[in-house]
Each structure stands twice: as C-alpha cells, then as structure tokens.
Amino acid sequence: MPLSTSRRLALLTSASLALLAGCGSSSDSPGGKSTPARVAVVASTDVYGGIVRRVGGDRVDVTSVISDPDQDPHSYEADPQNQLALSKAEVVVENGGGYDDFVDRMLKGGHNDSAQVINAVEVSGKTAPKGGELNEHVWYDFPTVAKVTDRIAAALTKADPSDAAVFKKNAAAFEARLTPLEAKEARIKKEHGGAGVAITEPVPLYMTEASGLVNRTPAEFSEAIEEGDDVSPRILQENLTLFSGRKVEALVCNAQTSGPQTEKTEAAAEAAGIPVVPVTETLPKGKDYLGWMTANVDALAGALAK
C-alpha cells in the first residue's frame, strides 16, 4: 500500500533527527565506544598549523588560514570560511608582532573570547632593539619554536585533559628533532663565524645570527623591501657594492617576494660568483617544518662552504 503524504513526512523527519543526533561532539566507533571530538585549532599559517598537527596528532582538527606560498600574511583579508573556523576555535596560534593581525581582527569579529590564543612573538620574549624594529619572523628561531611547542601542548591539554600524555609525548619528540638543527647552526658558527652575508628581507635573520653570521645589508634596504617600498638609488648602490666588493659570502633572499631591486641584488650576487640561498616564509609544498628548516640550514652551510 502506498504511504500517505503525512506518513512519508513523519519518516523523513525521524531520519533527519537521527542524522542530526549523529553530528554531535562525539561519535560511535565500530566497537560501540564513544570517540571524543577533536580539539578545534586555527593557526595563522601552515608553519604553526603543521606544528600543532605534530603535537596533537589525530586528536586535533587544524585549519591553517595561510597555506598557499603565494599568499602574503601582511595583506591577507579574512574570508567567511576562516572567519567561521576562528569563531569556533578552542585554540588559536598566531605569530604576532604585526605579522598576522588579521587573526585578532577575525577573533574579535567572531566574538570568540573563550579561545586560548598563543602568540609566538610574546612567547619568544623578543622585543625590538633600541632604535630598530622587531624581527617578527620568530619561526626561524629554534628555541622560540620549542617554547611555542610547549605552549601548544599545554593549550591542547587544557582543551582535552584526557589526552595530556599524548600531547606531552608528541611535543617532546618534536622538540628533540629541533636539537640537530641547532647543532647544524653551531657547526656553521664554528666554521664560518663572523662571515658576512646579505639578505633581501629580515626573514632568515634568526637563523643567520644563530649561525654566527653578520648581516651586512643596509637596514634601509631590507626594511623597504619588506614593506614594499622603493629603495633610494643611494641605498641600492650601497647594497650592490656588497657583491662587487665581495664583502659577503652569501645572499639569503626571500623567494616569495620579487621586484626590480631584489632582482638586481640577485643578479649582482650571481655576477660576482656569490651563492644565493632562497628561503620562504611559509611551507614549500610537500615539506613539513622540520624538513623545511633542515633544507634551509643545509643550503646555508653548503653556500658558505663553496
């Protein structure tokens, strides 16, 4: 006998309610046990998102706002999907220092006052030098990354106390793999300490400084490039003489930004036979943080050994 319209509606309503009931904060596993919901985390970039995944494993659900190497965090504008993710986040990891201010704006717009916010610059304790500007690229500083990792583990533990042991173990394993990177920097310092290098932007400075290298690039040049401003002819010429006068042993350049001044700088380095070491601000495709930073430090060491 065909079902009446009212009977069909009743069945559909029951099915819909059953589906909704299965969309709560926990789900049933094949063994009939309840599986806790994963901790919702939003990271400003995939650099921090990748670290959160290392610590949280399958206990976290991570959204990285910036995950495309072509995106510029300085000029990022919020989209509805990321705004929604931030409004529901239990843990938020941002760089701070003016690098990713969009996170704070989106949190405020999403009225999410309960999220635990980890600000990497604040965790680092780094401040601007007297008369200078803060180098906000703290993910190139391995001691800072270790501190941030500890804070991530603590925040995840607060959100999900039952998995505290997992977070602690994963954080310790990740931090143990930072130690060889610091050892590589120490080796560079021992073999090349005091050597001059040039940069296009401040991005790699924590790495070069930890390696005992001296940045000889005029501050006016690298700051202008970072801000997208024009470089005066005088400063540009001063920068180019670093290579023609062989005052540096390598050029470490931000491969994610390019313009006439940086192109002239790279051309001058190549013409003088000075190695060029490209670095990036976000993860290259197919790399995790540890693989990425290992490649960066190894490339720097290789350039100086030439």
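Residues are numbered from 1 along each chain as its sequence is written, and side-chain values use heavy atoms, with hydrogens and water left out. Because the model is predicted, local features need pLDDT of at least 70 and side-chain atom pairs count only at pLDDT 80 or more, while totals for chains, interfaces and linings use all residues.

An open sheet is formed by four strands in the order β8-β7-β9-β10, with parallel pairing. Strands are DSSP runs of E with at least two residues, and helices are runs of H or I with at least four, numbered from the N terminus; two strands pair if DSSP finds at least two bridges between them. β8 (214–215) and β10 (276–279) stand at the edges with a single partner strand each, so one side of each is left without a neighbour in the sheet. Strand β9 (residues 251–254) is joined to β10 by four bridges in the parallel sense, and N254 lies opposite V279 in β10.

Strand β3 (residues 39–45) pairs in parallel with strand β4 (residues 60–66) over six bridges. V39 stands opposite V60 in β4. Six of the seven residues of β3 are buried (under 20% relative accessible area, 1.4 Å probe, protein chains only).

E133, E220, E223, E227, D229 and D230 form a negative surface patch. Within helix α10 (residues 219–227) is E223, which counts as partly exposed at 32% relative accessibility (the class between 20% and 50%).

Definitions and conventions:
Patch = residues over 30% accessible without salt bridge, like charges linked within 9 Å, V, L, I, M, F, W, Y side chains within 5 Å. Areas by Shrake-Rupley, 256 points an atom, 1.4 Å probe, with all protein chains shown as cover. Salt bridge = Lys/Arg side-chain N within 4 Å of Asp/Glu carboxyl O. Lys, Arg positive; Asp, Glu negative; His and termini not counted. Charge placed at Lys NZ, Arg CZ, Asp CG, Glu CD.
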